[in-house]
Amino acid sequence: MVEEFRAGVRVRRIARRARRWREAAQMKGVDAASRLHWSPAKLSKIEHGALPVAPVDVLALALIYDVPEDERNAFFRAAQTAQQRGWWQDFGRDEVLDVAQDYIELESEAELLRTFSIDLVPGLLQTHDYTAALSRRALPRASDEIDQRRAEARTARQERLSGDDPLRVEAIMTEAALRLVIGGPEVMRAQLETLLRFARLPNVRLQVLPFAVGAYPSIGSPFSVLSFAEEHFDDVVYVENLTHGVFVEDSASVQTYTMNFAGLQKMALSPTRSAKVIAEVAGAL
C-alpha cells in the first residue's frame, strides 16, 4: 500500500517559492508546464504542496524562470531534505527572519491557530504600540525604522481575523501577560481593550489562566499549533525563544502539544470570565 503524501513545512516553503517564481516570470501555469514537458496538474500540485518536490524539479523550474544562481542552489539543497519527517530545525540569530517568515506564511494559510503565551499578549493580537514597546527593549537594539517595520508587520497579520474566511483562533494567556505593563499604562490599557474587541469576534476564543491555578500543563513553555483545511497538510507546532525558532512536525510530539493545550483550556477561565478579568485589569490602569 502506497503511503499517503503529507507535506511538511519545507515542502510548503518550496511550493510557495515555485509559485512566486512563475508569477515573477509572468508565465501562466499551462505555459510553464508545456516548457517543462509536464502536465499542468503536476505543476499545480507542486505549487500547492500536494506532491513531493524532487531536487531536479526545482532546478528545472528555476531554469525556465531564470532564477538567480544563489537562490536556485539554496532551494535545490532545501529540496534534497524537504521530505524528511520528525525533524527539529534550529535557526540561529542570523536566520530568525527566515523562520519567522515561514511561520507568518503558514499562519496565513492556516484554518486554526491554537496559541499559549505566558508573559506576553499573543503576537497575532498585539497592538502596534505594544509591539513597538517590546521591540525597543530587545537586545541588541535595532534601528527605529526596523522597530517600526516589525510593529507594522505584526499588526498587518490581524487582517486574517476578519473577512470571508477568517482564521479561527483559540488563545490562552496567563494572568501575568495582563499585568505586565508594557509601554506604560496608556499603551497597556489600549492593548487590553483591543483584546476585548478581538474576544467579541465569533472566530476568536480568548481565555486567561489565573495565578490562582498554581501549576499547569506546559508550565514555562509557550507554543503555537497551526492546523490546515487541506488533508495533506498536518498540524505544525511552532516554539520560539530568545534566539531560535523551532518547527515541530513529528506526530507524537505534535500530539503532546495538542494534549497540553487541551489541558490548559480546561484549567483556564471561561471566555466570559476571562473578558471580565481583562476589563478589570484595564480599568485599574
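Me: Which residue forms a salt bridge with Lys-42?
Reply: This is a predicted model. Lys-42 lies in helix H3, and its partner lies in helix H4, 15 residues apart. The closest N and O atoms of the pair are 3.7 Å apart. The partner is Asp-57.

Me: Is Asp-57 buried or exposed?
Reply: Buried means under 20% relative accessible area. Lys-42 has 25%, so Lys-42 counts as partly exposed. Asp-57 has 11% relative accessibility, so Asp-57 counts as buried.

Me: How many salt bridges does a search of the whole structure find?
Reply: Lys-42 with Asp-57 is one of them. Another joins Arg-273 and Glu-280, with the closest N and O atoms 3.6 Å apart. The search of the whole structure finds seven.

Me: Which residue meets Asp-235 in a salt bridge?
Reply: Asp-235 sits in the loop between strands E4 and E5, and its partner sits in strand E1, 121 residues apart. The N to O distance is 3.3 Å. The partner is Arg-114.

Me: Why does Arg-114 count as buried?
Reply: The cut-off for buried is under 20% relative accessible area. Asp-235, at 25%, is partly exposed. Arg-114 falls under the cut-off because its relative accessibility is 14%.

Me: How many residues of E4 are buried?
Reply: In a regular strand the side chains alternate between the two faces of the sheet. On one side of E4, Phe-223, Val-225 and Ser-227 are buried. On the other, Ser-224 and Leu-226 are buried. The count for E4 is five of five.

Me: Which residue in E5 is the bridge partner of Leu-226?
Reply: E4 and E5 pair in the antiparallel sense over three bridges. E1 also runs antiparallel to E4, joined by five bridges. There, Leu-113 stands opposite Leu-226. In E5, the bridge partner of Leu-226 is Val-236.

Me: What distance does helix H10 reach from its first C-alpha to its last?
Reply: H10 covers residues 185–199, which is 15 residues. At 1.5 Å a residue, 21 Å is expected. The model comes close to that, with a reach of 21 Å.

Me: Which helices and strands do the buried residues of H10 pack against?
Reply: The buried residues of H10 include Val-187, Met-188, Leu-192 and Phe-198. Gln-191 and Thr-194 are also among them. The elements they pack against are helix H7, strand E2, helix H9, strand E3 and helix H12.

Note on methods
Residues numbered from 1 in each chain as written. Predicted model: local features only at pLDDT ≥ 70, side-chain atom pairs only at ≥ 80, totals over all residues. Heavy atoms only, no water. Helix = DSSP H or I, 4+ residues; strand = E, 2+ residues; numbered from the N terminus. Expected span 1.5 Å × (residues − 1). Buried < 20%, exposed > 50% of the residue type's maximum accessible area, 1.4 Å probe, protein only. Contact = heavy atoms within 4.5 Å. Salt bridge = Lys/Arg side-chain N within 4 Å of Asp/Glu carboxyl O. Pairing = 2+ DSSP bridges.
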